[in-house]
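The sequence and structure come next, followed by notes grouped by topic.

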Amino acid sequence: MRSFTLCTQSFLKINVLGAILSTTITMTAFTPAFAGDPVRLNLGKPVKDTGVVAMVQPSWETIATDDAAIASEAPLVTCTCPGNLVTNPSFENGTTGWSWWNGTLQTGSYAAQCGANAGHFLEGGGSGNGGAYQEITSGFSPGATVQLSVFAGVHTSANNAKVAIEFYNSGGTWLDGQYQDVNTILPSMSLHTFTATVPANTAKISLVFFTDWDWVKTDMWCLTVPCDNVTNGGTIGHNQSACNVTSFDPAPFVNLGLPTGGSGSLEYMWVKAPMNSDGTCPTAGSGYTQISGANGPTYDSPSLTSATCFIRCSRRSGCTDWDGESNSVGVKFSSMSTSVYVKNTSCYGASDGDIDLSVWGGYSPYTYDWSNDGAETPDNDPQDLWGIPAGTYTVTVTDASGCTVTKSATV
């Protein structure tokens, strides 16, 4: 570390961030102040950095000029931010992702809290403030809770420096915002935290740091949507059947009850699985696969060629787990066939004929409706007929999916 003692005059070549490039020292009764440097002088209003030396009266004995040593101070908190919505949050890629007005945004190692760099904004003078901002247009939904944290510091607290989160609609109209004063004197930075609810009609979130004069410097912008997930997946309908066909276009599956619990916007994912051979659906998680593009509360399936089950999954914005699972609904493919064995009557007028009916396919249990005794609701006829007189008999067989097949026999 290099030091310059009281009663020396130093002509320092400095860049706009206050980094010392070279020195020439002669004896005098003055000492330098470095605009933008971590100068601990109580000098009142700071000098704007013009790339030349600023001369002021000294007020303390030794000025440290080792930026690298200052920048190596330990950060206040961990610098990880899972799920961060901010691009280039700690300025490791220069000013990528950031815009600014009425001044200059630069990056440098001075006062960096996370990684090698921090963002350094110098207000450009004139009327009004200046600052830098980044606009976030995805990863959130109206009604969701968002959390923001950012490190910030200034060289003097007299310039109305602030960090902020603002919400705008698609037309650029300001909807709401939260603002915090930046008063921590560099090279230290304080951690500013915000919690806000995204207003209705929000199309973009703007993260801003600004000042009326001089420098404001920030690092590690962390914007996340915390998870407050659903506790109930709601219900969907309805089961459907495809009877005696090889291809079937089911009616859309509808919402009967939305997911409940948690906070924030709802997100959906539909999954499907082959139906069990007995006509039941697998339990959730057993063989189900995601349906690409199915992300709404209802789903209109394309044509199917085999029995298939569907479940609607749901979660709140900001959550990674699909905690909401609806009931399962299925489309059954049913194809039945029948055969009969007929025993004729022993003589004219006798009532000792029999019809033995066999059924294959479809889904059991089956119900039977024979024509010899009229229709019943529900159908409660036996599968076979015994002790019947001569005649023609017709049976309608209905399986558990509601599909039917008809068969006639003559005794």
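K217 lies over the face of W215, at 4.6 Å from the ring centre. This placement, like the others below, is read from a predicted model. A further charge-over-ring placement involves R315, whose charged end sits over the ring of W322 at 3.9 Å from its centre.

**Aromatic pairs**

- The structure holds nine aromatic pairs.
- F91 and W98 are a stacked pair, because their ring centres are 5.1 Å apart and their planes meet at 25°, under the 30 degrees that stacking requires.
- F91 has 0% relative accessibility and so counts as buried.
- W98 has a relative accessible area of 5%, which is under the 20% cut-off, so W98 is buried too.
- F91 also pairs with F209, at 6.4 Å centre to centre and 80° between the planes, and this pair is edge-to-face.
- The F91–F209 pair links distant parts of the chain, 118 residues apart. F91 is in the loop between α1 (67–71) and β7 (99–101), while F209 is in strand β15.
- F209 is buried, with a relative accessible area of 0%.
- One aromatic cluster is formed by F91, W98, F209 and W221.

**Largest nonpolar core**

- The largest nonpolar core has 29 residues. Those touching the most other members are V146, I165, I205, L207, F209, W221 and L223.
- Two or more residues of this core come from each of β10 (130–136), β11 (145–154), β12 (162–168), β14 (190–197), β15 (204–211) and β16 (215–224).
- β11 gives the largest share of this core, five residues.
- F209 and W221 belong both to this core and to the aromatic cluster.
- In soluble globular proteins, nonpolar side chains tend to be buried together.

**Contacts of L223 and the other core**

- Which residues does L223 touch, not counting residues up to four places away in sequence? Among them are the core members V146, I165, I205 and L207.
- L223 also touches C81, G83, N84, L85 and V86, as well as I136, Q147 and L148.

Key: Residues numbered from 1 in each chain as written. Predicted model: local features only at pLDDT ≥ 70, side-chain atom pairs only at ≥ 80, totals over all residues. Heavy atoms only, no water. Core = buried A, V, L, I, M, F, W, Y, C linked by side-chain atoms within 4.5 Å. Buried < 20%, exposed > 50% of the residue type's maximum accessible area, 1.4 Å probe, protein only. Helix = DSSP H or I, 4+ residues; strand = E, 2+ residues; numbered from the N terminus. Contact = heavy atoms within 4.5 Å. Phe/Tyr/Trp six-rings, centres within 6.5 Å; stacked < 30°, edge-to-face > 60°. Lys NZ or Arg CZ within 6 Å of the ring centre and 35° of its normal.
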